[in-house]
Amino acid sequence: MNGVRFLENLRRLFKELRNMYRAIKLDKEYLKRLDPSFEVSYQYRFHAGFRSLKLYRLSHAFYVSGFKFIAYFIYHINRVLYTVDIHPAAVLEPGVVIDHGAGVVVGSTAIVGSGTVLYHGVTLGAKYITKGKRHPTVGKNVIIGAGAKVLGPVNIGDNAKIGANSVVISDIPDNATAVGIPARIVNKNYRDDEKLSVSFSSYTDKKEKSERSDDLCPEELVNLEVAKQ
């Protein structure tokens, strides 16, 4: 019986390894497209985020095939080499980009859609110690800024953006931008409470300028006129 199960697991492993190679190929394409610092093809060999993603995909293939000891061993190597902690049971669709890599943590029940970019220090973690689904589900083409924490079984919609160092503890709809602790949606179309201005101008109102100019000395007024030109 054990021999039959081993052969079944081995067959599944070969299938998962084929899927892994296809996923890595798509990871390369998305990395080249979404990382503006990517210049030459051999950068794949030195890109810590991409290399850590490859190790995750290898550990995931062994994990879902029943070879969990090997999966956890590769997972441990990934943590030591790149300080990236992606549980082998997590599901990262093909085409995910991990930029910089350092400090990324992805929990065991997390799901990440293709085209998503995870910057350094991102955590997809749990809010409570519990069994079952306890980590986020991230849609496609999402950007999660450096140091952001997405906690609990929340859903992050497609094309959403999470600001750096934000803490997300509730669902974020498609195409929304969320920032802050706890994260709040700042897109005008998704605000339910008072309006929050998220636009900034390099220039002040003319009236404000004239009022401020009254308090300036002649030399400062000259500098102000030069700045206007």
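Leaving aside neighbours within four places in sequence, which residues is Ala183 in contact with?

## Surroundings of Ala183

In this predicted model, Ala183 is in contact with Ser166, Val167, Val168 and Ala178, when neighbours within four places in sequence are left aside. Ala183 belongs to the loop between strand 14 (177-179) and strand 15 (184-185).

The relative accessible area of Ala183 is 16%. Buried means under 20%, so Ala183 is buried. Between Ala183 and Val150 there are 9.4 Å in space, C-alpha to C-alpha, and the two are 33 residues apart in sequence.

His87 is located in the loop between strand 1 (85-86) and strand 2 (91-92). With a relative accessible area of 17%, His87 is buried.

The side chain of His87 takes part in a polar contact of 3.4 Å with the side chain of Tyr72. A polar atom of the His87 side chain also lies 3.0 Å from the backbone nitrogen of Ala89. Beyond its neighbours within four places in sequence, His87 is in contact with residues including Tyr56, Tyr63, Tyr75 and Val106.

## Packing of helix 1 and helix 2

Two packed helices are described by the angle between their axes and the distance between the axes. For helix 1 (residues 2-34) and helix 2 (residues 48-64), the angle is about 160 degrees and the axes are 9 Å apart. Angles over 145 degrees count as roughly antiparallel, and helix 1 and helix 2 are therefore roughly antiparallel to each other. Their crossing is right-handed.

Among the residues that meet are Leu13, Leu17 and Asp27 in helix 1, and Phe50, Arg57 and Leu58 in helix 2. By class, this contact has twelve nonpolar, six charged and no polar residues.

Terms used:
Residues numbered from 1 in each chain as written. Predicted model: local features only at pLDDT ≥ 70, side-chain atom pairs only at ≥ 80, totals over all residues. Heavy atoms only, no water. Helix = DSSP H or I, 4+ residues; strand = E, 2+ residues; numbered from the N terminus. Buried < 20%, exposed > 50% of the residue type's maximum accessible area, 1.4 Å probe, protein only. Contact = heavy atoms within 4.5 Å. Polar contact = N/O pair within 3.5 Å; in protein donor to acceptor, adjacent residues only side chain to side chain. Axes fitted to C-alpha atoms, helices over the stretch in contact; angles between N-to-C directions. Parallel < 35°, antiparallel > 145°, perpendicular 65-115°, else oblique. Left-handed = near helix turned anticlockwise from the far one by under 90°. Nonpolar A, V, L, I, M, F, W, Y, C, P; charged D, E, K, R; others polar.
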